[in-house]
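Colleague: I have a model open and some questions about it. Can we go through it together?

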Amino acid sequence: MKVIYVDNNATTKVAPEVLEEMQPYFSEYYGNPSSMHSFGGNVAGKIREARQKVAALIGATPEEIVFTSCGTESDGTAIRAALESNPDKRHIVTTRVEHPAVKNLGETLSKRGYRVTFVPVDSEGRLDLDYLHQNLSDDTAVVSIMWANNETGVIFPIEEIAQKVKDQGIVFHTDAVQAVGKIPMDVSRTGIDMLSLSGHKLHAPKGIGVLYIRKRTKFAPFMIGGHQEGGRRGGTENVASIIGLGKASQLAREHLQARGYERIRKLRDKLENTLIAKVPHALINGDRQNRLPNTTSIAFEYVEGEAILLMLNEYGICASSGSACTSGSLEPSHVLRAMGVPFTAAHGSIRFSLSRYNTEEEIDFILEKLPPVIARLRELSPFWKEAVRAQSSKLRA
Ligand code: PLP
């Protein structure tokens with residue numbers, strides 16, 4: 001069965017060009033980049049090249065790029081480094097819709113005596129900027145706000161926020177794991193001090209990430225060890241993955257420059273516009289104006305997201321739901337809860353996230369299969385029957 005993969009905010013396929021670039025660095029050129037001999041030295045040269053390519057994608061200089069193991073490590077390192085560098089300050093500001101990499105760290109730090117402010121969002125997932133600015137104080141060590149939300153794709157005005165935060169002398173970090181490669185960015189023209197990205201969200205392998213650290217930002221390493229990454233992250237480099245991320249960054253930059261995301265946006269818009277036209281009680285979660293071009297989160301009211309996913313799976317369609325089924329509780333996600341999405345909608349929310357590898361035929365296939373799936377599940381749903389009954393008695397009244 002052909003797989004229709006529309007779960008690219010979860011992870012992406014490694015691009016064939018990336019894999020090809022990486023392959024020689026496992027068993028042919030396996031030297032340690034720190035070695036004195038040229039066998040290792042050549043590898044160091046390839047890492048330098050990769051660093052330049054990653055830097056070019058986000059508008060940084062190569063010296064500002066630190067390779068890590070993943071987005072989670074980059075996020076944690078940034079926040080902890082800001083706290084360690086400002087030991088007199090005990091306040092952290094973040095949002096209620098962060099990825100667990102930041103949200104759970106914030107909750108952990110609040111149990112360890114830090115004061116943590118979680119800025120709310122409105123029903124469209126837009127950040128309450130007044131609340132954010134009113135809560136900054138002399139005690140704030142770091143503000144960490146995601147650039148784009150992984151569930152809804154909603155984009156926050158990071159450049160504007162970063163500048164205001166910087167003007168108050170507070171360290172600003174952004175989790176840009178979902179934004180990098182999907183929207184153009186130039187960190188050099190912003191007040192961002194630190195930025196996280198992750199390879200596996202942009203067609204590089206899993207297990208490689210980056211922390212951008214602006215020049216002259218006070219920093220304390222989390223991984224203390226050798227002199228790698230300019231002493232900012234010890235540990236022998238993940239050579240092949242770094243080289244893969246370099247290639248993936250080059251491809252992402254070319255794709256952005258060629259406005260390749262316009263095709264993805266059109267496919268996404270076709271998918272969501274057709275679904276909301278064809279399926280009654282289908283709603284888009286999140287601000288449609290400021291969204292990643294590849295993401296849509298659609299609530300199919302009165303059905304269970306997990307049931308939809310299982311039925312889509314039968315057709316080879318891979319998407320995500322808005323419930324944390326892994327917890328066994330089927331709790332709607334913290335993001336949809338923070339937006340105040342009603343229970344009956346949050347439970348039936350499905351996220352589709354596209355990539356440059358998706359085709360129009362794939363979108364048409366989803367559009368053919370999904371509406372009957374929702375109709376079938378609604379026939380079985382007591383909530384749907386109740387809603388239909390309520391609506392018809394309202395019409396009769
Ligand atoms: N931040 C965001 C917004 C994400 O979507 C993810 C992954 O889903 C992460 C952080 C964590 O990245 P990684 O899987 O590389 O640790």
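This is a predicted model: local features need pLDDT of at least 70, side-chain atom pairs count only at pLDDT 80 or more; totals for chains, interfaces and linings use all residues.

Colleague: Which residues come nearest to the ligand?

Modeller: Thr72, Asp175, Gln178, Ser198 and Lys201, out of 13 residues around the ligand. A residue counts as near if one of its heavy atoms lies within 4 Å.

Colleague: What is the shell made of by class?

Modeller: Three nonpolar, seven polar and three charged residues. Here Ala, Val, Leu, Ile, Met, Phe, Trp, Tyr, Cys and Pro count as nonpolar, Asp, Glu, Lys and Arg as charged, and the others, Gly among them, as polar.

Colleague: And which helix gives the largest share of that shell?

Modeller: Helix H4 (residues 71–85), with three residues. Helices (H or I, at least four residues) and strands (E, at least two) are DSSP runs, numbered from the N terminus.

Colleague: How far is the polar side-chain atom of lysine 201 from a ligand oxygen?

Modeller: 2.5 Å. For histidine 200 a side-chain N or O atom is 2.9 Å from a ligand oxygen, and for histidine 99 the distance is 3.3 Å. A polar contact here is a pair of N or O atoms within 3.5 Å. Taken alone the ligand exposes 390 Å², and the protein buries 88% of that; areas come from the Shrake-Rupley method with a 1.4 Å probe.

Colleague: What about asparagine 150, buried or exposed?

Modeller: Asparagine 150 counts as buried because its relative accessibility is 12%; buried means under 20%, exposed over 50%, partly exposed in between, with a 1.4 Å probe and protein chains only. Asparagine 150 sits in the loop between strand S5 (140–144) and helix H7 (158–167). Leaving out residues up to four places away in sequence, it touches Asn9, His99, Gln178 and Arg351, where contact means heavy atoms within 4.5 Å.

Colleague: Switching to H8, how many of its residues are buried?

Modeller: 15 of its 19.

Colleague: Where is arginine 216?

Modeller: Arginine 216 is in the loop between strand S8 (209–213) and H8. Its phi is positive, about 70°, although it is not a glycine.

How values were computed:
Residues are numbered from 1 along each chain as its sequence is written. Side-chain values use heavy atoms; hydrogens and water are left out. A polar contact is a pair of N or O atoms within 3.5 Å; within protein, one must be able to donate a hydrogen and the other to accept it, and residues adjacent in sequence count only if both atoms are side-chain atoms.
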